[in-house]
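I opened a new notebook page for this structure. My plan is to look things up one at a time and write down what I find.

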Amino acid sequence: MGVTSDLQLLWLTKLSTGADLTTSIVLTFLVGLFCLQVLAATDKSSGYNPIKYVQNRIKTWQYLFKGQKIIQDGYEKSGGKPYEVLAPDNRYVFVSDPKYIRELDKAPDNVLSLQGAAKQMLQPMYTMQHFNWFVIRGTEGVGFIRALRTLLTNNLPEILPDLSSIIRSRMAELRNSHPTIKGEKHSPVYPMIVKLVVLSNAVSFFGKDLAKNDAFMESALEYIEQTLICAEIVRLLPKFMAPIVGNLLGARLKAQDVIFNTLMPIAEQRVIEREAKAMGQEVPHHPDCIQWIMDTSPRQNPWSAQRVVHELMAIWFGSVHAVSTTITFAIHDLCLHPEYVEPLRNELVQGYAEFERTSVGLPLLDSFIKESARLTPVEAQSSRRSVLKPFTFSDGTKLAVGEWACTPVRSIMQNPEFYPSPLEFNGFRFADPNILGDAGDAFKYKQPKPSKLTDCDNTFHVWGTGRMACPGRYYATAVMKVIMGQVILHYDCEMVEQAGPRFFEWRSTILPRSNTMIKFKPLHA
Ligand code: HEM
C-alpha cells in the first residue's frame with residue numbers, strides 16, 4: 001500500500017514531454033470521461049438542474065489541474081479548522097490543526113482507513129492481479145510493518161556497500177547511453193533516477209540475482225506507470241463502468257503478469273521451506289523481503305505464496321515512486337543551489353564509508369534532502385483515510401462513507417509559523433549548526449531545533465502521521481543518500497535549462513518533467 005499516499009500520474013508524464021499527439025489523446029480522453037460522468041448522473045429528481053449540475057462538475061474537475069492551489073487556498077481561508085475540497089471522484093476534508101490530526105490518527109481502524117484510501121488510489125483489483133485487500137487494517141495482520149520498519153532497515157548495512165557500487169556503475173552506463181550535445185552528455189534526470197531506484201529496490205528487496213533478470217526489471221519499471229494509468233482511469237469512470245473497464249484494462253497490463261509470474265515460484269519454494277522448517281528440517285537463510293513478509297505474516301494463519309506476492313506488489317509500487325521523485329527534485333535543487341555542493345561533498349568524502357557500515361549519518365545531506373522535500377513535496381495531500389463509517393471531527397465537520405480525511409502537507413510545510421522564510425531554499429536548516437562550524441556562516445540555518453529526515457511530527461507530514469507513519473522511511477532515506485551520495489561524489493551537475501519548467505501537476509501531486517536535462521560531468525575522467 002506503500003506510498004500509496006502519493007498517487008501520481010505518470011501517464012501524464014507524457015504530456016510533460018510536450019508530445020502533441022499524446023496531449024490530444026489524453027485531453028480527448030478526459031473530455032470523454034467528463035461527459036460520461038455527466039451522462040451517468042442519475043439524480044433526475046424534481047430539483048435537478050442540468051446546467052447547475054454541469055457547472056458543479058466543471059468545478060470539481062478543476063481539482064485535477066489545480067489541486068495544489070485549491071488545497072492551499074482552502075488552507076489559508078480555514079483558520080486551522082477542517083475544510084473541504086471537492087474532486088471529480090470524491091470529497092476530501094483537510095485537517096491541519098494538531099487537535100484534528102490526533103482525532104484522525106486515533107479514529108478506530110474500522111472507521112477511518114488508510115488501506116481504504118490506498119485501494120481507491122491504486123485499484124489493486126485491476127492493477128495487482130485481482131488483489132482485493134481488506135480495508136480494515138490488521139484483518140490479515142500488520143506484519144509488513146515489522147518486515148519493512150525493522151528487518152529491512154536492520155539489513156541495510158549488509159547491502160549498502162554493494163548497492164553503492166551497483167548504483168555507481170549503472171549510473172555511468174546510463175549516462176554514457178545519453179545523447180552528446182556540443183561535447184557534453186545531456187541526461188534526462190527523472191527517467192534515469194527511476195531506473196536507479198528500481199535497481200536499488202530490486203537488489204534490496206529480492207537480491208542481486210533477480211535484479212539481473214532483464215524481463216523482470218523491465219516490468220518492474222513499467223508496472224509503476226501502468227498501475228497509475230489504469231487506476232486513474234478507473235477512478236474517473238462512473239462507478240457502474242469501473243469493473244468492466246478496469247478488468248479490460250487490467251488484462252492488458254502485462255507488467256503485473258511478469259512480476260507476479262516471476263515472484264510466484266520463489267514464494268512457492270519459500271512456502272515449502274517454511275513447512276520443512278516447521279518439521280525441524282534445515283532450510284536456507286534468505287535475507288530478503290520475500291522472506292520477511294512471509295515470516296511476519298500471522299502465525300495462526302500464515303500467508304499463502306499468492307498473498308505474499310500480492311503484498312510485495314503493493315510494497316513495490318509504494319517504494320519506487322515517491323523515492324525517485326524525491327531524489328529527482330533534490331538533484332534539481334543541487335543544480336539550482338550549487339553553493340551546497342562543496343560542504344556536501346566534504347561530508348561525503350569523510351563520512352560515506354561510515355554511512356555504508358551503519359546506514360545512518362551524513363547529517364548535511366539528510367537536511368538537504370529534507371529541505372528539498374519540504375519545498376517540492378511530491379504530494380500536497382497526506383495521511384489519507386477513507387471513511388468506512390460516518391465520522392465527525394470535534395468541531396462538527398461530518399464525513400460520509402467513502403469520503404476522505406487527510407492533511408495539507410505542502411501548505412503546513414510552507415507555513416511561516418513553522419518554517420522561517422518558508423519559501424526560501426535553506427539546505428541546512430534542519431542540521432545542527434555545530435556541525436557546520438565556520439562554514440555555517442555562509443548558510444542561514446533557521447529551524448529552532450535540528451531534526452532528521454526520518455522524523456515525523458505535526459509540521460512534517462511527508463511520511464504521514466502518527467501510528468501509520470511510513471515504515472519504509474528508514475530504507476527510503478538510506479537509498480536517497482546512496483544515490484545522492486554517488487552523484488555528488490562523482491559528478492558536477494548542471495541543469496541544461498535552469499529557468500525551464502521542472503514539474504507537472506495533477507490532482508495533489510507534482511511530477512518532475514521527463515525532459516528536464518542535466519549535465520552530469522564526471523569529476524574523475
Ligand atoms: C520518499 C519516499 C516515501 C514517502 C514520501 C512515503 C510516504 C508515505 C506516506 C505519506 C504514507 C502514509 C502514512 C499515513 O497515511 O499516515 C506511507 C505509508 C506506507 N509506506 Fe511509505 N513512503 C516512502 C517510501 C516507502 C518505501 C521505500 C516503502 C517500502 C520499503 C514504503 C512503504 C510504506 C508502507 C507499507 C506504508 C503503509 C503503512 C501502514 O499501512 O501502516 N514507503 N508512506
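Predicted model: local features only at pLDDT ≥ 70, side-chain atom pairs only at ≥ 80, totals over all residues.

S421 has 11 other C-beta atoms within 10 Å, so I put it down as exposed. I found S421 in the loop between α18 (409–413) and α19. Its phi is positive, about 45 degrees, although S421 is not a glycine.

Entry 1. I looked up R507 next. R507 is not a glycine either, and its phi is positive, near 50 degrees. R507 sits in the loop between β12 (503–506) and β13 (509–512). Is R507 buried or exposed? I counted 26 other C-beta atoms within 10 Å, so R507 is buried. As background I wrote that most residues other than glycine have a negative phi.

**Entry 2. Confidence.** The chain has an average pLDDT of 87, and 89% of the residues score at least 70. Residues 1–21 have a pLDDT below 50, and this stretch has 66 contacts in the model beyond near neighbours in sequence. Among the elements, helix α1 (residues 13–16) has the lowest mean pLDDT, 42, while strand β8 (residues 391–392) has the highest, 98. For the model scores I recorded ipTM 0.99 and pTM 0.90.

**Entry 3. The whole chain.** I listed 20 helices and 14 strands. The chain has 525 residues, and 45% of them count as buried. I took the contacts between residues at least 6 apart in sequence; 72% of these join residues at least 24 apart.

**Entry 4. The annotated residue.** The UniProt record, an unreviewed entry, places a "binding site" annotation on C470. I found C470 in the loop between α19 (433–436) and α20 (473–490). C470 counts as buried because it has 25 C-beta neighbours inside 10 Å.

**Entry 5. Helix α9.** Does the length of helix α9 (residues 189–206) agree or disagree with its number of residues? At 1.5 Å a residue, its 18 residues should span 26 Å, and the end C-alpha atoms are 25 Å apart, so the length agrees. I found α9 mostly covered, with 16 of its 18 residues buried. G207 follows α9 and has a positive phi, near 95 degrees.

**Entry 6. The nonpolar core.** The largest nonpolar core has 137 residues. Which residues touch the most other members of this core? I wrote down L312, M313, A405 and I483. Helix α15 (residues 305–336) gives the most to the core, with 17 residues.

**Entry 7. A three-strand sheet.** I traced an open sheet in the order β6-β14-β11, with antiparallel pairing. Five bridges join β11 to β14 (residues 517–522). In one of the pairs, C493 has F520 of β14 as its bridge partner.

**Entry 8. Strand β7.** How many residues of strand β7 (residues 382–387) are buried? I counted six of its six. β7 is joined to strand β3 (residues 112–113) by two bridges, and the two run antiparallel. L112 has V387 in β7 as its bridge partner. β7 also pairs with strand β10 (residues 404–407) in the antiparallel sense, over three bridges. There S382 has T407 as its bridge partner.

**Entry 9. A glycine in a helix.** I ended with G74, which lies in helix α3 (residues 50–78). G74 has 18 C-beta neighbours inside 10 Å and therefore counts as partly exposed. Leaving aside neighbours within four places in sequence, I found G74 in contact with Y83, V85 and F94. I also took one distance: the C-alpha atoms of G74 and S164 are separated by 43 Å, and the two residues are 90 residues apart along the chain.

Definitions and conventions:
Residues numbered from 1 in each chain as written. Helix = DSSP H or I, 4+ residues; strand = E, 2+ residues; numbered from the N terminus. Buried ≥ 20, exposed ≤ 12 C-beta atoms within 10 Å, placed from the backbone. Contact = placed C-beta atoms within 7 Å. UniProt positions renumbered as here; feature names shortened; annotations may be inferred. Expected span 1.5 Å × (residues − 1). Pairing = 2+ DSSP bridges. Core = buried A, V, L, I, M, F, W, Y, C linked by C-beta atoms within 7 Å. pLDDT = per-residue confidence, 0-100.
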